[in-house]
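Take a look at the structure shown here. The report below covers its domains and one of its sheets.

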Amino acid sequence: MEKRVTFGRWTIGILFAVPQLLLIFTFFYWPAGQAVYWSLTLQQPWGGGNIWVGLDNFRSILANADYWNSITASMIFAGISTGLAMVIALVLAALTDRQLAGSWLYRVVLIWPYGIAAPALALAFRFILAPEAGFMAVVNRVWPGFWDPGLDGADAMASIIIAFSWKYVGYNFIFFLAAFQAIPRSLIEAAAMDGSGVLRRFWDIQFPLITPTIFFLLVINITESFQDSFGIVDIMTAGGPANATNLMVYKIYSDGFKGLDYSGAAAQSIILMLLIVALTIVQFRFIERRVHYR
Amino acid sequence: MASITIRGVKKNYAKTQVVHGVDLDFASGEFVVILGPSGCGKSTLLRMIAGLEEISDGTIAIDGTVVNKLEPRERGCAMVFQNYALYPHMSVAQNIGYSLKVAGVPPAERAQRVQAVARVLELEHLLDRKPMALSGGQRQRVAMGRAMIREPKVFLFDEPLSNLDAKLRVQMRSEIRKLHRRLNATSVFVTHDQVEAMTLADRLVVMNGGRVEQVGTPAEVYSRPASRFVATFVGAPAMNMLEGTVTLDGLSLLGGNRKLNVSRTGLPVGAKVAAGIRPEAVRMVAPGAPGALAATVDLIEELGAGRVIYVDLDGAPFSIVTSETVHPEPGSTIGLQFAETDLHFFSSKTGARLDVFKASVPEPAL
């Protein structure tokens, strides 16, 4: 029998729920509602009233090649950075779980990057990946013109992907390591007795048993790569060169606060929200089926 | 089928040594039980045979081949784990067939062999289930099936029955015994449960503190325990131990309060010894009977077929198992009598058995 706390009167239950409801309303539903409202109107840049325009904002955005370019860039960024951050973290966690020499070192060190604010780490990577000094300058000396994120859009995209992945490797690593350590040692030993080698055990036993964690991280990483990328883009490339790294979240900021197109930015943020919701639904519908919950 | 030869095997974890040089020989097809309290190194020894622990020193050979450096899969052993260690994401059939899949056995043959094993273990109707949906006894059988299907040279059991309830444990015990008779593979079974050990073993290895105390058939270990530890660990209730000093005509017990007449101890006068007597070998007589030790009754445990009477012998605890229907009142005085030949002597200093009746003819009761 499940134990349940029941309240004599429904009003007491509501009272307990009120603080949480207020928070959610104030910081999510109200701003989201405002954004929906703005996206359907034309806001004047210097304030003073607005005009109802229906879906015109959406029509004009979706007809704009720059916006489609931004969606493509965001998708590429999300796909590659999530893939990199997850695969690297998975390999590191699997090695750490095997208690190889030096594993205690990564366990401590790999947690730090997630604690660093995006702009701070972006600034660091801006120096690290600078074409005119440091390591990349040496590479450029050997192959002149090999690396120039200031001019080459692909190089700029690579820079922000590296910076973002670096931050999320640490985050993913913690979850993967916890998932690996939750697998009873005797399962691995039983597989070893059954004749399974290290790699085979990884694919047949460990990998299926950490699929709930992989799924969770996939959802979080994709969502965050759409949202948490702002600070990195702003410091490292400011969307350039030639809009090559103008991700959706950065375009909302630059159109809204630099271009003073509040209504267009609001419509873009609604599209971004719907896109993330849709991606999450797809993941739950099609990927979760392959997850083994214990 | 394979013989196992263990020579001078030691195990260290960092600076602590947990197994201090073990030498054992297991014959082909033998069912050996390693018995000992927790922390005695019995599981570690088993895991070294399996290849799950590195051997710090000495050698282990299976069928004459030293396996120290071989991977578990190259040793031809199968193991049943205490918590079963079934793969939770695989069905029963997949669990049992996993080793064949790894070995690259074609699916058709694999399915056929899984069926055959499932039939022996009465698991045929459960093959599609996940381990989560099985009872403890069923999981245990799947774990056995997973070990059996490989037709291993050696079966290793790491306390496989300790997670089962009492009734199921007795049932699985006889199933394991039957299975062994049928497969006749060399089996090493680790347990801390002496009833399990006595009933299953062809040969018993008693371990304590990382050392082997005694090797022998269950009957030998029971009737001639090699050390004080074995004497008190095997048998329930435990063997009674009385500390004493050898005198000219026998033993002076309990700081000189009691005397026990023993003929020809063969021990030097003044030697400190512990005299052991099994509760089953003690008879209850009238307190004044000649040669009887008087004791005060503390507690009676009714077992149905018999009873255990706990008495107090001048502050020393002592127990008797009797099948007579007597019910002495707690607090009353009774007499204890036993045959001299039923006494076991152990050195007070080393705990080693002192064989004092080797040349003597069994004596009549005192």
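Two residues count as being in contact if their C-beta atoms, placed from the backbone, lie within 7 Å. Keep that cut-off in mind for what follows. Note too that this is a predicted model.

Chain B is split into domain 1 (4-230) and domain 2 (237-354). Their C-alpha centres are 39 Å apart. Where the domains touch, 5 residues of domain 1 of chain B are in contact with 6 residues of domain 2 of chain B. On the domain 1 side, the touching residues are 3 nonpolar, 1 polar and 1 charged.

## The open sheet

Strands of a sheet pair through backbone hydrogen bonds, and the pairing is either parallel or antiparallel.

In chain B, an open sheet is built from 6 strands. Their order is β6-β7-β8-β3-β9-β10, with mixed pairing. Which strands stand at the edges? They are β6 (77-80) and β10 (211-216) of chain B. Each has a single partner strand, so one side of each is left without a neighbour in the sheet. From one strand to the next, the twist averages 20 degrees.

Strand β9 (residues 203-208) of chain B runs antiparallel to β10(B). The two are joined by 5 bridges. One residue pair to find is V206(B), whose bridge partner in β10(B) is Q214(B).

## The other edge: a helix across strands

Now turn to β6(B). Helix α4 (residues 136-148) of chain B lies across β6 and β7 (154-158) of chain B. How does helix α4 run relative to β6(B)? The angle is about 175 degrees.

Technical notes. Residues numbered from 1 in each chain as written. Chains lettered and ligands numbered in written order. Predicted model: local features only at pLDDT ≥ 70, side-chain atom pairs only at ≥ 80, totals over all residues. Pairing = 2+ DSSP bridges. Helix = DSSP H or I, 4+ residues; strand = E, 2+ residues; numbered from the N terminus. Axes fitted to C-alpha atoms, helices over the stretch in contact; angles between N-to-C directions. Domains from an automatic or database assignment. Nonpolar A, V, L, I, M, F, W, Y, C, P; charged D, E, K, R; others polar.
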